[in-house]
Amino acid sequence: MLVSAKDMLEKAREGKYAVGQFNINNLEWAKTILATAQECNSPVILGVSEGAGRYMCGYKTIVGMVNGMIEEMGITVPVALHLDHGSYEACYKCIDAGFSSIMFDGSHYPIEENVEKTTELVKICADKGMSLEAEVGSIGGEEDGVIGAGECADPEECKMIADLGVTMLAAGIGNIHGKYPANWAGLSFETLAAVKDKVGDMPLVLHGGTGIPEDMIKKAISLGVAKINVNTECQLSFAAATRKYIEEGKDLAGKGFDPRKLLAPGCEAIKNTVKEKMELFGSINKA
């Protein structure tokens with residue numbers, strides 16, 4: 001059964017660890033991440049971008065698939081199904097489809113419009129027992145067409161959004177989606193500390209978890225980050241393992257192929273990536 005992310009994030013905040021959000025793109029990714037979370041006895045958040053939602057035939061299909069897996073695989077750890085960087089319209093679609101958590105990315109709107117739209121969603125999510133993530137200060141890089149320069153959020157604006165009653169807050173602190181460039185300046189812990197001072201016990205979210213040095217991850221958790229998103233690292237490990245399998249000639253031309261065998265090395269690579277991140281975030285045996 002899918003659950004809101006609220007309880008798992010509050011426990012993470014109090015316990016000084018973070019819950020990993022790992023984005024899914026198909027059945028194999030979802031199955032691998034769920035199995036790994038169960039093996040590690042770790043709560044987990046399955047992230048779904050709007051692009052991945054379209055690829056997987058729509059949000060209702062995803063809800064049915066994940067709920068079926070939880071039942072058939074005997075998953076007992078807490079699992080939240082979360083819309084990642086959702087538009088206002090996509091949030092309503094995921095609410096109707098049965099997601100247990102959504103993110104409304106209003107960071108590209110003027111703060112007044114971000115507040116207005118978030119206020120509406122807070123009430124609906126509260127009525128349905130769903131968790132709601134909001135964003136202030138866009139995250140660098142590109143996520144389904146939403147492009148951010150990695151600017152740092154205004155702590156006062158963060159307080160305005162947090163005071164609306166959202167479950168968690170993503171505040172830009174110089175983090176970006178995708179691979180970090182060689183000249184990246186690093187996370188702004190001054191901004192993170194200022195945001196934490198303004199929003200109090202609100203669980204904070206760190207997007208762009210791929211490539212951030214371990215010491216920065218641990219410091220961010222110590223300053224209130226309770227959810228860390230990982231997507232690019234899973235994509236890279238999956239692609240590398242699949243490419244290696246093909247290059248080694250195991251899928252020989254003219255002899256046919258089994259797609260289950262073709263995808264297996266990539267899924268094993270995702271499993272290893274997820275376990276490493278869960279260990280780094282400190283969420284193992286916290287279910």
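Biologist: Which side chain makes a polar contact with the side chain of Glu133?

Modeller: Happy to start there; keep in mind that this is a predicted model. Glu133 sits in strand E5 and is buried, with a relative accessible area of 0%. Leaving out residues up to four places away in sequence, Glu133 touches Ile102, Met103, Phe104, Met168, Ala170, Val205, His207 and Lys227, as well as His82. The polar contact of its side chain, at 2.9 Å, is with the side chain of His82.

Biologist: Good. Where do the buried residues of helix H7 lie, seen down its axis?

Modeller: H7 covers residues 155–162, and Cys158, Ile161 and Ala162 are buried there. Their directions fall within an arc of 95 degrees, so these residues line one face of the helix. They pack against helix H6, strand E5, strand E8 and helix H8. As for the place you asked about, it is one face of H7.

Biologist: And the rings: how are Tyr88 and Phe104 arranged, stacked or edge-to-face?

Modeller: Tyr88 counts as buried, at 17% relative accessibility. Its ring centre and that of Phe104 are 6.1 Å apart, with the planes at 70 degrees; planes over 60 degrees apart count as edge-to-face. Tyr88 lies in helix H5 and Phe104 in strand E4, so the pair ties together parts 16 residues apart in sequence. The arrangement is therefore edge-to-face.

Biologist: Which charged end sits over the ring of Tyr109?

Modeller: Ring pairs join Tyr109 into a cluster with Tyr88, Tyr92 and Phe104. Over the ring of Tyr109, 5.0 Å from its centre, sits the charged end of Lys117.

Notes: Residues are numbered from 1 along each chain as its sequence is written. This is a predicted model: local features need pLDDT of at least 70, side-chain atom pairs count only at pLDDT 80 or more; totals for chains, interfaces and linings use all residues. Side-chain values use heavy atoms; hydrogens and water are left out. Buried means under 20% relative accessible area, exposed over 50%, partly exposed in between (1.4 Å probe, protein chains only). Helices (H or I, at least four residues) and strands (E, at least two) are DSSP runs, numbered from the N terminus. The arc is that of the directions from the helix axis to the C-beta atoms. Contact means heavy atoms within 4.5 Å. A polar contact is a pair of N or O atoms within 3.5 Å; within protein, one must be able to donate a hydrogen and the other to accept it, and residues adjacent in sequence count only if both atoms are side-chain atoms. Rings of Phe, Tyr and Trp (its six-membered ring) pair if their centres lie within 6.5 Å; planes under 30 degrees apart count as stacked, over 60 as edge-to-face and the rest as tilted. A charge sits over a ring if NZ of Lys or CZ of Arg is within 6 Å of the ring centre and within 35 degrees of the ring normal.
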